[in-house]
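Please provide a briefing on the structure shown below.

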Amino acid sequence: DAIKITGLWERARHKGIESTVLRNIQPNALGYALGAPTTIKNYHYDSDVIQPNSPGHVFWYVRGDVDLGFAQFVSLTARNNLLAGRSQDDVDGTRAQIASSIAWPIRSKHWSQEFQLLAPADSKIQWITGAYYFFEHSAFDDVATLLGPILTGGPAGGAWRDSHVKTTSFAGFAQATVPLDFINENLRLTAGARYTVDKKKLDSTGYFALGYYCELDQRNCFTPVPGTFAPFPHQEKKWKKFTPKITLDYKFDDTMIYGTYSVGYKGGAFNVSTPSLLGPVNPETLKSWEIGSKSQFMGGRIRLNTAAYLYKFKNVQVQRVDVGAGGATTWQNAAAATAKGIEVNFQARAHEYLTLNAAVAWAHGKYDDFTGAASVIINPAAPPSPNAAAIFNASGNRMIRAPKLTLNFGAS
């Protein structure tokens, strides 16, 4: 019983067509002006290329537990090979052969190793310490924005890119929960911290190719033009971050109330789809203050959790559609944002075989400082430029993907 080893192996593959089927195009789209059939309505797919989607992955995981007497040693090892397969998108969104984009294939291989040392279960002071390592090599092979014969006047052509990103991350962490019996036997203090070092590298090569539109594998229908291969500048960046956490909790009857302060960290990244944009998107950081309660009634048959929080974000990572990069999705930083909210979660075991749950959350988030927000607007000048890039000041606007009210109900 001193040594225990468990593991998991998983393989999955999915194939589908028309991943972006629910898309509407404005009436002044260039394709319609050049004679493409006009159909603008919900649930209608209008394109001159098939848009396949075939993601898959192979994942394995091994956990080892060793009882050392004074502590428990845990080793966590994981490997994941992701193959997103070919991905094609009709940029103009009509049946005219104007423009499309392709990525074939999108690959990612990552490996992680974590070691933990934990206090015995009967220890009065519960603690954990450990180290974490992560490495990932992701690649976008033959990513291209293709211009159709309508625009080129001859063979279709486009700029192709082959990009590789390598990510290395090291972290050390520790946390301990200490009873504050000298104040009150039901009062506990939890303090912890993590120190992370991230490093990313980006290498990309661009070239030009000519060919023709084909249904499934555009890569086999285009031939590179000699002399057009050119590497983009090598990019490399390292980030370091210390993220502490402290929590004070108090238990009485079947209720625990708590207050916590913590710092969160989301690593930086490069805009792989647009390697000509020098410089990374910086890490997003979060300072969080939260108070709440966790209660149970009727012998645990009913549970009620409440929480109120205040978040302060710095360098918020925001997605945008870059018109200048052929409609590619890129990332940028918003300088600062604030979010606050209240959450209530309820669960009741109504019957031996029936559990009911419900949750309600109210949130309000806004950008405090976001003067360089990038967006896309319909160009009132109409074709040949139906879309136009716009830069505006989004300071004071609501944060995207942050609904004010969320309701959930369920039964199992």
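**Structural briefing**

The chain has two helices and 22 strands as its secondary structure. This is a predicted model. The chain holds 412 residues, 35% of which count as buried. Among contacts in the chain with a separation of 6 or more, 67% join residues 24 or more positions apart.

**Nonpolar cores**

- Twelve residues form the largest nonpolar core: L286, F313, V316, V318, A334, A337, A339, Y367, F370, A373, A394 and M399.
- At least two residues of this core come from strand 17, and at least two from strand 18.
- Setting aside residues up to four places away in sequence, F313 touches E284, T285, L286, A335, A336, A337, A339 and M399.
- Of these partners of F313, L286, A337, A339 and M399 also belong to the largest nonpolar core.

**Second largest pocket**

- The volume of the second largest pocket is about 280 Å³.
- Its lining consists of 18 residues, and V318, Q319, A374, S375 and I400 are those that lie nearest the centre of the pocket.
- Strand 17 (302-322), strand 18 (328-351) and strand 20 (373-378) are the elements that each give two or more residues to this lining.
- By residue class, the lining comprises ten nonpolar, five polar and three charged residues.

**Q116 in strand 8**

- Q116 is placed in strand 8, which covers residues 106-118.
- Q116 counts as buried because its relative accessibility is 14%, and the limit for buried is under 20%.
- A polar contact of 2.7 Å links the side chain of Q116 to the side chain of E114.
- Apart from neighbours within four places in sequence, Q116 is in contact with Q72, F73, V74, L76, I128, T129, G130 and F173.

**Residues with positive phi**

- N315, a residue other than glycine, has a positive phi value near 55 degrees.
- N315 is found in strand 17; its relative accessibility is 23%, so N315 counts as partly exposed.
- R401 is likewise a residue other than glycine with a positive phi, near 55 degrees.
- The position of R401 is in the loop between strand 21 (387-392) and strand 22 (405-411).
- R401 counts as exposed because its relative accessibility is 69%, and exposed means over 50%.

Terms used:
Residues numbered from 1 in each chain as written. Predicted model: local features only at pLDDT ≥ 70, side-chain atom pairs only at ≥ 80, totals over all residues. Heavy atoms only, no water. 1 Å grid on protein atoms, 1.4 Å probe; cavity = no way out; pocket = protein on both sides within 12 Å on 5 of 7 lines; lining within 4 Å. Points joined across faces, edges and corners; volume = space filled by probe spheres on them. Helix = DSSP H or I, 4+ residues; strand = E, 2+ residues; numbered from the N terminus. Nonpolar A, V, L, I, M, F, W, Y, C, P; charged D, E, K, R; others polar. Core = buried A, V, L, I, M, F, W, Y, C linked by side-chain atoms within 4.5 Å. Buried < 20%, exposed > 50% of the residue type's maximum accessible area, 1.4 Å probe, protein only. Contact = heavy atoms within 4.5 Å. Polar contact = N/O pair within 3.5 Å; in protein donor to acceptor, adjacent residues only side chain to side chain.
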